[in-house]
Amino acid sequence: MAKLSLKDAQQTQLFTFAYPQRVYFEDTDAGGVVYHARYIHFMERARTEWLRHLGFNNSDLYRKHKMVWVVSEIAIQYLKPARVDDALEITASVDTMGRVRCTFYQEVRRGDELLVKARVSLATVAADSFKPIEIPVDLKKKMEATC
């Protein structure tokens, strides 16, 4: 089950959303180690569930605002490997907010071990033209409340 928790006082965000993820055989390479690109999938799921936790989902944002999220940049550090059957926790917290863009700080942990950390920048764009559009006001307010 996903959870929202207080971060320690040294971090800038007040809340961190955590999403559990089991490592399946399909997530690994021939050696049973999580393939590097799968971490990006895990982080996408955590951001999607974070959005649901705020009361929104991508389908409704598309229908109501004709918008979609696009990833514009990822900076990722792989620190330790995860392996098949590991129980992971994928976190997502808003790092920076703008009118059109936001950046998430995300971590992948196995218990207390930090395995991967990343900054993922997203933009909101019009679904038909892929031109930048502002983050919907109601969503932005909820997002800012988590910073």
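Author: By class, the residues that line the second largest pocket divide into 7 nonpolar, 2 polar and 2 charged ones, where Ala, Val, Leu, Ile, Met, Phe, Trp, Tyr, Cys and Pro count as nonpolar, Asp, Glu, Lys and Arg as charged, and the others, Gly among them, as polar. This is a predicted model, in which local features need pLDDT of at least 70 and side-chain atom pairs count only at pLDDT 80 or more, while totals for chains, interfaces and linings use all residues. Residues are numbered from 1 along each chain as its sequence is written, and side-chain values use heavy atoms, with hydrogens and water left out.

A pocket here is an open set of points on a 1 Å grid over the protein atoms alone, where a 1.4 Å probe fits, with protein on both sides within 12 Å along at least five of seven lines, and its lining residues have an atom within 4 Å of a point. The second largest pocket holds about 150 Å³ of space, a volume being the space filled by probe spheres set on grid points that are joined across faces, edges and corners. Its lining consists of Glu44, Arg47, Thr48, Trp50, Leu51, Asn58, Trp69, Val70, Val71, Phe104 and Leu122. Helix 1 and strand 3 are the elements that give two or more residues to this lining, and the largest share, 5 residues, comes from helix 1; helices (H or I, at least four residues) and strands (E, at least two) are DSSP runs numbered from the N terminus.

Helix 1 (38-53) and strand 3 (67-78) are also among the elements that cover the buried residues of helix 3, as are helix 2 (58-65), strand 4 (87-97) and strand 5 (101-110). In helix 3 (residues 137-145), the buried residues are Leu139, Lys140 and Met143, buried meaning under 20% relative accessible area and exposed over 50%, with a 1.4 Å probe and protein chains only. Seen down the helix axis, these buried residues fall within an arc of 100 degrees, so they line one face of helix 3; the arc is that of the directions from the axis to the C-beta atoms. Val137, Lys141 and Ala145, on the other side of helix 3, are exposed.

Leu54, in the loop between helix 1 and helix 2, counts as buried because its relative accessibility is 10%. Beyond its neighbours within four places in sequence, Leu54 is in contact (heavy atoms within 4.5 Å) with Lys142, Met143 and Thr146.
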